[in-house]
Amino acid sequence: MAFSIYDLTSFNQWVDKGLNSVMSPLWATITEMAIIGVVFLLFYAVVGLFLVYAERKICGFIQCRVGPNRVGPYGIFQTIADFIKLLMKELVPINKADKFLFNLAPFIIIIASMMALAAIPFAKGIHAIDFNIGIFYILAVSSMGVIGILLAGWSSNNKYSLIGAMRSGAQIVSYELSVGLSILTACIMFGSLQLSTIVESQADCWLIFRGHLPAFIAFLIYMIAATAETNRGPFDLAEAESELTAGFHTEYSGIKFAFFFLAEYMNMFLVASIAATIFWGGWMPLHIGHWTGFNMVMDFIPPAVWYLGKTAVIIWLMMWFKWTFPRLRIDQLLTLEWKYLLPINLLNILVMALVVLMGWHF
Amino acid sequence: MEINELMFVIIGAVIILFSIFTVTSRRILRAAAFLLFVLVATAGLYFWLEYQFLAAVQITLYAGGIVVLIIFSILLTSNVGEKIDKVETKKVIFSALAAIAGAILCITTILQQQFQATDALAQEVNMKVIGKSLLNYGENGYALPFEVISVLLLAAMVAAIVIAKKSKTS
């Protein structure tokens, strides 16, 4: 059987057939579930490690520093060393904390981002679950992450943690609105919420080019709101190390802190890949109208590379954003959302609906 | 056992177990966390039935909305060490009896119904169908409930703004 890196459906079918021929369907399903789980866990860890390194390097570059440069060439093994250190650190038990909720909180955050990650189309054929309501599913499960933050802040029995949790609650609940509405704007264009259909329908041209101005405004709003949703600078009020020591994860140490850290980077990867999928066409190569030669050259690059490349560019944008702007105050943050982003967003939906209705797009 | 039945048993056990934990826990935020598990497991049940739309609505509304609201209000009003006082034995017995009577009533009603399995495959409900019937005032339309809920939400929002607004005198 021939496999190609451009379409992995045949590879998946081959694995499925192979497993079904050697064992009963029940065990084949369980094995497949285990394989997918392990693949996602590995992906999670690798992306987390890589993003921490990338952030430190980019931060260093923006601040005219070198960044990590001791462990391995260009310091690429720095995060692995840090990770080993975090694994070996003592887990400090908190005397008057609610231990059950304290230990549960990191897992809720991790599970929420893990569930959302499962619906992302990585390449043709690499798509764990493809629901009819794909984007709605992603928004739904990623909205559970805030519960982890709230529980972590409350159960630590620490004023700083509680303030951090309250801030992040207010922030995430209000910015979820903008994220949802900007995605909705994009979905008017697609007429579907299924992620595979969304990617396929951008075969001729990516949404950000097809939808003219409204799509571009929706993209900008999505980027701002998504940065706020992931609690990243300049919206990192929930952590605010200069005011709240570390906000909701002040009391966490060792591997539990690493969970929060990893989940933060994973959420960033997640929102970046949603932006890449919806606005920049996911794994779809860049195609321009009738330029057949150009399109064929673009098709030569495998879809997974396109996907990872687009996601990396968006992540780089978010990091640039973080290290450029100072942190907002809580009232400025809520003003930005409720007085500016939300009205612009609602108007933008109307404009987008008009554009689609009149057919003013490619 | 088929994997389908296995999944049902697991999800059902999670729902029952955490429902009991929710009502027996004496720490209020723990009860809220257990309630979250119950609601998410219910969403799992909908996923198992291949009705993804309802499952996603369940997660957004209940897990992402109502539980967050509950946790928020607990955060504002209670402390970590706090425990709810033990309930009197008489009350425990009576509420247990009421709960068991309710359960028996439900179970007997369900058992009397003859359920017939259809051979038809589960179909994915298209988003377009849902959207159109939500705003349809003809047959199978939900335009009236949709609009009534919109008015209710508007009223709630106006009320919230009025309460939160600073009065001019102070």
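In this model, which is predicted, 32 residues of chain A are in contact with 23 residues of chain B; two residues count as in contact if their C-beta atoms, placed from the backbone, lie within 7 Å. On the chain A side, the elements that give two or more residues are helix 2 (25-62), helix 4 (99-117), helix 5 (134-142), helix 6 (145-155) and helix 7 (159-190). Helices here are DSSP runs of H or I with at least four residues, strands are runs of E with at least two, and both are numbered from the N terminus. Helix 6 of chain A provides the largest share of that side, six residues. Sorted by class, the side of chain A that touches chain B holds 23 nonpolar, seven polar and two charged residues. In this classification Ala, Val, Leu, Ile, Met, Phe, Trp, Tyr, Cys and Pro count as nonpolar, Asp, Glu, Lys and Arg as charged, and the others, Gly among them, as polar.

A word on conventions. Residues are numbered from 1 along each chain as its sequence is written, and chains are lettered from A and ligands numbered from 1 in the order in which they are written. Since this is a predicted model, local features need pLDDT of at least 70 and side-chain atom pairs count only at pLDDT 80 or more, while totals for chains, interfaces and linings use all residues.

I turn to one helix pair across the two chains. Helix 7 of chain A and helix 3 (residues 52-77) of chain B pack at an angle of about 150°, their axes 11 Å apart. Axes are lines fitted to C-alpha atoms, for helices over the stretch in contact, and angles run from 0 to 180 degrees between N-to-C directions. The angle therefore makes helix 7 of chain A roughly antiparallel to helix 3 of chain B; the label applies to angles over 145 degrees, with under 35 being roughly parallel, 65 to 115 roughly perpendicular and the rest oblique. Which residues make the contact? From helix 7 of chain A they are A:Leu162, A:Ala165, A:Met166, A:Gly169 and A:Val173, and from helix 3 of chain B they are B:Val68, B:Phe72 and B:Leu75. Seven of these residues are nonpolar, one is polar and none is charged. The crossing of this pair is left-handed, a term used if the near helix is turned anticlockwise from the far one by less than a right angle, with clockwise being right-handed.

Next, chain B by itself. Chain B has six helices and zero strands. Its domain assignment, which is automatic or from a database, gives domain 1 (3-125) and domain 2 (126-170). The centres of these two domains of chain B, taken over C-alpha atoms, are separated by 26 Å. The radius of gyration of chain B is 21 Å, whereas a compact globule of 170 residues would have one near 15 Å; the radius is taken over C-alpha atoms, and the globule rule is 2.2 Å times the number of residues to the power 0.38.

Within chain B, helix 1 (residues 3-24) and helix 2 (residues 28-48) pack at about 160°, with axes 8 Å apart. Helix 1 of chain B is therefore roughly antiparallel to helix 2 of chain B. Among the residues making this contact are B:Phe8, B:Ile11 and B:Phe18 of helix 1 and B:Phe34, B:Leu35 and B:Trp48 of helix 2.

Finally, chain A. Chain A has 15 helices and zero strands. Its radius of gyration is 21 Å, which agrees with the value near 21 Å for a compact globule of 362 residues. Helix 10 (residues 212-229) and helix 15 (residues 330-358) of chain A have axes that come within 9 Å and cross at roughly 150°. Helix 10 of chain A is therefore roughly antiparallel to helix 15 of chain A. Their contact has eleven nonpolar, three polar and no charged residues.
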